[in-house]
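The model and its sequence are shown first.

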Amino acid sequence: MRQPLVAGNWKMNGSRDSATGLLKGVAAGIGGLATEVVVCPPFVYLEQVGRLIDGTAIQLGAQNMAREEAGAFTGEVAGSMLQDMGCSYVILGHSERRSLYGEDDAVVAAKTVRALADGLLPIVCVGELLEERQAGKTEEVVGRQLNAVLDAVGAAGIARGVIAYEPVWAIGTGMTATPEQAQEVHAFIRAGVAKYDGAVAEGLRILYGGSVKGDNAEGLFGQPDIDGGLIGGASLKVDDFVAICRAAG
Ligand code: PEP
């Protein structure tokens, strides 16, 4: 039985004030749920958010990290620093990192290796562009992104992390994949991991991300291979985020 997981990706949003209100509401709303809940604020708020969630069921994650261990990399943040700040999780290979900051499969794989070495649980994002879906290339693209990471860390490595299927055309657009469309790709991902290790595939949590809201979460999370969600916009609204966490539980 895979424990459902919902992770909120705040992206480059929020302030000290908004974080306080948001986390109070979320902590109160998710009490007693079986869902594992993670929030991923911008780096500068990690310490404050860590304090605010202390003693709650919410866990801390980051949105990105450097592929290097430490040293002369101005502006970068090391995985060991995230660990030091109390992060359990780190999102890697988000489509915004891939498209806006040039992170290719090799970079995402290298960061996944580093995250595991630094004791973090990676949430590795994969997903196709709209034109790739329309050209019938969804499996080719998702398979390539997945295998780059699997080849780098092996089944034992991926077993310590989470995969998030995020069709790029659904992120921040309001265009959610249907539960059937998402399930099809989730099953494909699980089968891909099973080629490396069947038991790992069975236990691996695969999240869906892309315009998940309080009113569409239940249909998505009801699918057999969807184990929760990676939530962007709706993770900034208490009612929506709590409803999504409840739908996963
Ligand atoms: C995301 O940023 O990972 C995401 C899924 O965003 P949204 O929920 O806003 O589509």
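## Glutamate 96 and its partner

Glutamate 96 has a relative accessible area of 27%, which makes this residue partly exposed. The model is a predicted one. Within this model, the side chain of glutamate 96 forms a salt bridge with that of lysine 11, at an N to O distance of 2.8 Å. The two residues lie 85 residues apart, and the pair links distant parts of the chain. Lysine 11 sits in the loop between β1 (5–9) and α1 (16–29), while glutamate 96 belongs to helix α4 (residues 95–100).

## Arginine 97 and glutamate 103

A salt bridge also joins the side chains of arginine 97 and glutamate 103, with 3.1 Å from N to O. Glutamate 103 has a relative accessible area of 7%; buried means under 20%, so glutamate 103 is classed as buried. Arginine 97, at 23% relative accessibility, is partly exposed.

## Arginine 98 and aspartate 105

The side chains of arginine 98 and aspartate 105 meet in a salt bridge of 2.9 Å, N to O. Both arginine 98 and aspartate 105 are buried.

## Network and total

Salt bridges with shared partners connect Arg2, Arg190, Glu202, Asp225 and Asp227 in one network. Across the whole structure, the search finds 14 salt bridges. Among them are the pairs lysine 11 with glutamate 96, arginine 97 with glutamate 103, and arginine 98 with aspartate 105. Opposite charges on side chains can pair when the charged atoms come close.

Key: Residues numbered from 1 in each chain as written. Predicted model: local features only at pLDDT ≥ 70, side-chain atom pairs only at ≥ 80, totals over all residues. Heavy atoms only, no water. Salt bridge = Lys/Arg side-chain N within 4 Å of Asp/Glu carboxyl O. Helix = DSSP H or I, 4+ residues; strand = E, 2+ residues; numbered from the N terminus. Buried < 20%, exposed > 50% of the residue type's maximum accessible area, 1.4 Å probe, protein only.
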